[in-house]
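Please look at the sequence and the structure below before reading on.

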Amino acid sequence: QVQLVESGGGLVQAGGSLRLSCAASGRTVSNYNMGWFRQAPGKEREFVAAITWTGGSTSYADSVTGRCTISRDNAKNTVYLQMNSLKPEDTAVYYCAADRAFTPLRAGTGDYWGRGTQVTVSS
């Protein structure tokens, strides 16, 4: 069993930056692929970024490519999402996800999910 807790969300002005954190706990958490998803009001859940358990491979949604960077620190059991040049369209609840296999994680069907952290970008 893996528990995920997101933090770092908040209100930021357009063009600003935020760094989201996802703290993981549980057995062999360093061997899990990790990812970020978001859901805006009235819209379906959207993939944002993912990273393999080794940190050697990453994947990004077209909407955030060039503005966001996913990284992980396995020693701290934490995955990060650095978001720059934020836009009002980035406003959403951001969720952290984990799975031992990359494909289902990337597809949004990961085994474990956090409760989410709210990101609001003002115009």
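Cys68 counts as buried, because its relative accessibility is 7%; buried means under 20% relative accessible area, exposed over 50% and partly exposed in between, with a 1.4 Å probe and protein chains only. The model is predicted: local features need pLDDT of at least 70, side-chain atom pairs count only at pLDDT 80 or more, and totals for chains, interfaces and linings use all residues. Residues are numbered from 1 along each chain as its sequence is written, and side-chain values use heavy atoms, with hydrogens and water left out.

The structure holds one disulfide, a term for a pair of cysteine sulfur atoms within 2.5 Å. Cys22 and Cys96 form this bond, with an S to S distance of 2.1 Å. The pair ties together parts that are 74 residues apart in sequence, because Cys22 lies in strand 3 and Cys96 in strand 9. Strands (E, at least two residues) are DSSP runs, numbered from the N terminus. The torsion about the S-S bond of Cys22 and Cys96 is about -85°, so the disulfide is left-handed. Both Cys22 and Cys96 are buried. Cys68 is in no disulfide, and the nearest cysteine sulfur, that of Cys96, is 14 Å away.

An open sheet is formed by four strands in the order 1-3-8-7, with antiparallel pairing. Two strands pair if DSSP finds at least two bridges between them.

Strand 1 and strand 3 run antiparallel and are joined by six bridges. Val5 has Ala23 in strand 3 as its bridge partner.
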